[in-house]
Amino acid sequence: VPNLSHRHSAVRTAVLKAVDAVVLAGTTEAVMLDTVVPAARTLVFDHTPAVREAAGAAVARWMLHKEPPSAPPAAAAAPASQASKSLPAPAEVLAYPARLLPLLMLLVTDETAALGQKALAWLEDVGAQFVARRSAAAAEEPTSSAAEAIEDMSV
């Protein structure tokens with residue numbers, strides 16, 4: 001992560017791609033909060049528009065990310081207490097998306113109009129997925145009618 005402040009934008013972009021791959025493969029929320037989010041925060045203020053765009057795209061992917069495509073071999077052999085520390089299922093509430101959202105919002109006002117439009121589209125995608133997840137979670141919750149409640153009381 002120290003190379004995210006390298007003087008060449010191509011190096012910063014390459015390191016960001018590597019961090020992006022690690023995040024999408026699965027990482028802990030602690031790593032996200034302590035390392036990845038602060039690094040992304042500095043990249044959205046980068047002086048090179050291409051780096052800011054890559055950072056915005058990565059942040060959007062992290063927020064849209066549901067779960068790792070496959071568990072790494074080490075996680076499969078790890079005890080259950082360690083396996084549960086990887087990114088949780090989409091229905092669970094995470095702290096890091098709330099810290100990433102302002103970064104996308106900031107990019108909407110970027111000096112490069114095209115990047116601002118992309119950031120707005122990313123925000124719309126994130127919002128649409130959030131609504132879809134909330135709707136799916138609400139649909140999965142058991143609903144009970146008043147008659148069922150009265151019936152349960154009588155038993």
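Q: What does "buried" mean here, and how many residues of the chain are buried, as a percentage?
A: A residue is buried when its relative accessible area is under 20%, exposed when over 50%, and partly exposed in between, with a 1.4 Å probe and protein chains only. In this chain of 155 residues, 30% are buried. The model is predicted: local features need pLDDT of at least 70, side-chain atom pairs count only at pLDDT 80 or more, and totals for chains, interfaces and linings use all residues. Residues are numbered from 1 along each chain as its sequence is written, and side-chain values use heavy atoms, with hydrogens and water left out.

Q: How is pLDDT to be read, and which element of the chain has the lowest mean pLDDT?
A: pLDDT is the predictor's confidence in each residue, from 0 to 100. Where it is low, the predicted coordinates should not be read in detail. The chain has a mean pLDDT of 79, with 72% of its residues at 70 or more.

Q: What counts as a contact, and what share of the contacts with a separation of 6 or more joins residues 24 or more positions apart?
A: Contact means heavy atoms within 4.5 Å. Of the contacts with a separation of 6 or more, 71% are between residues 24 or more positions apart.

Q: How is the packing of two helices described, and at what angle do α2 and α6 cross?
A: Axes are lines fitted to C-alpha atoms, for helices over the stretch in contact, and angles between N-to-C directions run from 0 to 180 degrees. Angles under 35 degrees count as roughly parallel, over 145 as roughly antiparallel, 65 to 115 as roughly perpendicular, and the rest as oblique. The axes of α2 (residues 29-43) and α6 (residues 96-108) come within 10 Å and cross at roughly 10°, so the two helices are roughly parallel to each other. On the α2 side the contact is made by Glu-29, Met-32, Leu-33, Val-37, Ala-40 and Arg-41, and on the α6 side by Tyr-96, Arg-99, Leu-100 and Leu-103.

Q: What is a nonpolar core, and which residues of the largest one touch the most other members?
A: Such a core is a set of buried Ala, Val, Leu, Ile, Met, Phe, Trp, Tyr and Cys residues joined through side-chain atoms within 4.5 Å. The largest has 31 residues, of which Leu-16, Met-32, Val-59, Trp-62, Leu-100, Leu-104 and Trp-122 touch the most other members. At least two residues each come from α1 (9-25), α2, α3 (49-64), α6 and α7 (113-140), and α3 supplies the largest share, eight residues. Leaving out residues up to four places away in sequence, Leu-100 touches Met-32, Val-37, Val-59, Trp-62 and Met-63.

Q: Is Val-44 buried or exposed, and which residues does it contact?
A: Val-44 lies in the loop between α2 and α3 and counts as buried because its relative accessibility is 4%. Beyond four places in sequence, Val-44 is in contact with Arg-52, Ala-55, Leu-103, Leu-106 and Leu-107.

Q: Where is Arg-61, and which residues does it contact?
A: Arg-61 is in helix α3 and is partly exposed, with a relative accessible area of 37%. Neighbours within four places aside, Arg-61 contacts Asp-20 and Leu-24.

Definitions and conventions:
Helices (H or I, at least four residues) and strands (E, at least two) are DSSP runs, numbered from the N terminus.
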